[in-house]
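User: I would like to go through a protein model step by step. Please show it first.

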Amino acid sequence: MKRQPVVIALDLGGTNVRMGVVDAVGSVRHSVSRPLGADRSVAGVTGEVARRGAELIDWCAGAGLHPEALCLAAPGIISAEDGTVIFSPNLPGWTDVPLRAMISEALGLPAILENDANAAAFGEFWKGGGQGTNHLVMFTLGTGVGGGIISDGILLRGSRGMAGELGHLTVVSENGRLCRCGSNGCLEAYASASAVAEILGERWTDDSPPPPTAREAYLLAAAGDSLCREVFREAGFYLGVAMADLVNVLNPEVIVIGGGAMDAWDLIIPVAESEMRSRAFRTTDLARRLCVRRATLGDLAGVVGVAGIYWCGVHP
Ligand SMILES: [Zn+2]
């Protein structure tokens with residue numbers, strides 16, 4: 001009997017490798033998450049990815065499935081075309097690393113490589129909160145702010161794989177907060193979990209207890225703390241400013257929001273939506289027809305997405 005084809009998908013995060021066995025209709029047949037070891041050198045990470053990939057290949061053999069490709073998602077500036085990691089903030093010292101070829105060779109299967117945020121956006125477009133639409137913008141509000149754009153069903157990568165860096169849209173033009181990208185006033189410097197914690201730390205007047213983390217701030221805000229509520233409201237305001245620009249430039253059908261901030265949805269998103277609707281081109285119904293939806297794939301968005309990029313044949 002012919003074994004059913006699947007792909008092995010690996011999403012290399014800042015601290016974990018999320019892995020899945022995904023079939024051609026997007027069902028995750030098996031998934032597992034493992035901590036990424038301390039050795040972030042090229043040899044260390046590729047060795048670990050190869051070992052994890054081999055474990056999943058073994059799992060497929062036991063389950064009667066046929067792995068036909070490896071689908072890798074990695075953070076940073078990725079050339080999907082060349083299969084290289086050009087630069088990655090989480091992988092210090094990596095420059096122009098041919099990760100696709102290295103893993104493909106190690107495991108004896110064809111491979112594709114994609115930026116992790118682009119993969120997550122494609123996952124939500126293919127099987128998640130943006131399913132059934134053709135024009136999608138996704139924001140992932142986590143430690144940083146990630147993004148991805150699908151326009152007319154096509155994942156926008158740009159000339160060097162850098163399209164969709166929505167966290168670095170300028171939302172404050174003068175005296176903006178310093179962003180870790182080196183610029184000032186980026187969305188990420190206001191709407192990421194690290195920014196929320198940092199801004200609160202600056203405004204926190206009480207020495208004991210120490211300023212809350214973003215997660216604690218959310219609980220305090222939900223319980224009515226006015227300073228915490230204000231910081232989340234500001235995050236929503238700046239997200240709305242960025243969303244309005246994207247609505248005017250890309251005319252999406254849906255904006256999908258994912259990441260840890262989904263817990264704080266009621267504190268951030270209504271503000272963002274109202275700001276977006278008040279700014280986006282008002283003589284048309286661009287913003288009125290648009291809907292803002294929750295991401296539905298959670299931590300598996302990158303795994304499902306990079307598999308989808310393979311199954312839909314949209315890899316370069
Ligand atoms: Zn930035």
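User: At what angle do the axes of helix α6 and helix α7 cross?

Analyst: This is a predicted model, in which local features need pLDDT of at least 70, side-chain atom pairs count only at pLDDT 80 or more, and totals for chains, interfaces and linings use all residues. Residues are numbered from 1 along each chain as its sequence is written, and side-chain values use heavy atoms, with hydrogens and water left out. Helices (H or I, at least four residues) and strands (E, at least two) are DSSP runs, numbered from the N terminus, and axes are lines fitted to C-alpha atoms, for helices over the stretch in contact, with angles from 0 to 180 degrees between N-to-C directions. The axes of α6 (residues 214–222) and α7 (residues 226–250) come within 8 Å and cross at roughly 115°.

User: Why is α6 called roughly perpendicular to α7?

Analyst: Angles under 35 degrees count as roughly parallel, over 145 as roughly antiparallel, 65 to 115 as roughly perpendicular and the rest as oblique. The axes cross at roughly 115°. That angle makes α6, relative to α7, roughly perpendicular.

User: Which residues of α7 does α6 meet?

Analyst: Contact means heavy atoms within 4.5 Å. From α6, the residues taking part are Ala 214, Ala 217, Tyr 218, Leu 220, Ala 221 and Ala 222. Their partners in α7 are Cys 228, Arg 229 and Phe 232.

User: How does α7 lie to helix α8, parallel or oblique?

Analyst: α8 covers residues 265–279, and its axis is 7 Å from that of α7. The two pack at an angle of about 40°. That makes α7, relative to α8, oblique.

User: At what angle do the axes of helix α3 and helix α9 cross?

Analyst: α3 spans residues 116–127 and α9 spans residues 301–311. Their axes come within 7 Å, and the two helices are roughly perpendicular to each other. The crossing angle is roughly 75°.

User: What are the protein donors of the zinc ion?

Analyst: Donors are N, O and S atoms within 2.8 Å of the metal (3.2 Å for Na, K and Ca); water is not among the atoms, so sites may look incomplete. Here the donors lie 2.0 to 2.3 Å from the zinc ion and follow the spacing H-x10-C-x1-C-x4-C along the chain. They are His 168 (ND1), Cys 179 (SG), Cys 181 (SG) and Cys 186 (SG).
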